[in-house]
Amino acid sequence: QVQLVESGGGLVQAGGSLRLSCAASGPTFTIYRMGWFRQAPGREREFVAAIVWNTGRTYYSDFVKGRFTISRVNAKSTVYLQMDSLKPEDTAVYYCAADTPPTSAFNYWGQGTQVTVSS
């Protein structure tokens, strides 16, 4: 099974930046996409961004376009989420996820990392 470990969360002031990392291990050759999701207190988990492992094609939710950048280093089996111009409403637990066919959904998840943006 694929294992995912996130790091890089923390406390930052509004307007600041953070970079999250997600290291994948196990049969990473099975990964089609990797993504980031987040869940704020009292809210459902929501999609943030995703990247197709082989092609590098990226997808973003509207509320992070222009502020967040997803990237990957295949040799390290690691995906990053660079978060700039952070807002208090970005405060959430951020989860890394992997999509391994034949499923069409993200079926492996990390443990999550807390991001807190103060105003």
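A search of the whole structure, which is a predicted model, identified 1 cavity of 30 Å³ or more. A cavity is here a set of points on a 1 Å grid over the protein atoms alone where a 1.4 Å probe fits but cannot get out; points are joined across faces, edges and corners, and a volume is the space filled by probe spheres set on them. The volume of the largest cavity is about 50 Å³. Its lining residues (an atom within 4 Å of a point) are Arg38, Gln39, Ala40, Arg43, Glu44, Glu46, Glu89, Thr91 and Ala92. By class, 5 of the lining residues are charged (Asp, Glu, Lys or Arg), 2 are polar and 2 are nonpolar.

The largest nonpolar core comprises 28 residues. Such a core is a set of buried (under 20% relative accessible area, 1.4 Å probe, protein chains only) Ala, Val, Leu, Ile, Met, Phe, Trp, Tyr and Cys residues joined through side-chain atoms within 4.5 Å. Met34, Trp36, Val79, Leu81, Met83 and Tyr94 have the most contacts inside this core. At least two core residues come from each of several strands (DSSP runs of E, at least two residues), among them β4 and β8 (78–83). Beyond its neighbours within four places in sequence, Val79 is in contact (heavy atoms within 4.5 Å) with residues including Met34, Trp36 and Cys96.

Residues are numbered from 1 along each chain as its sequence is written. Local features required pLDDT of at least 70, side-chain atom pairs pLDDT 80 or more, and totals for chains, interfaces and linings used all residues, while side-chain values used heavy atoms, without hydrogens and water.

Notes: Buried < 20%, exposed > 50% of the residue type's maximum accessible area, 1.4 Å probe, protein only. Helix = DSSP H or I, 4+ residues; strand = E, 2+ residues; numbered from the N terminus. 1 Å grid on protein atoms, 1.4 Å probe; cavity = no way out; pocket = protein on both sides within 12 Å on 5 of 7 lines; lining within 4 Å.
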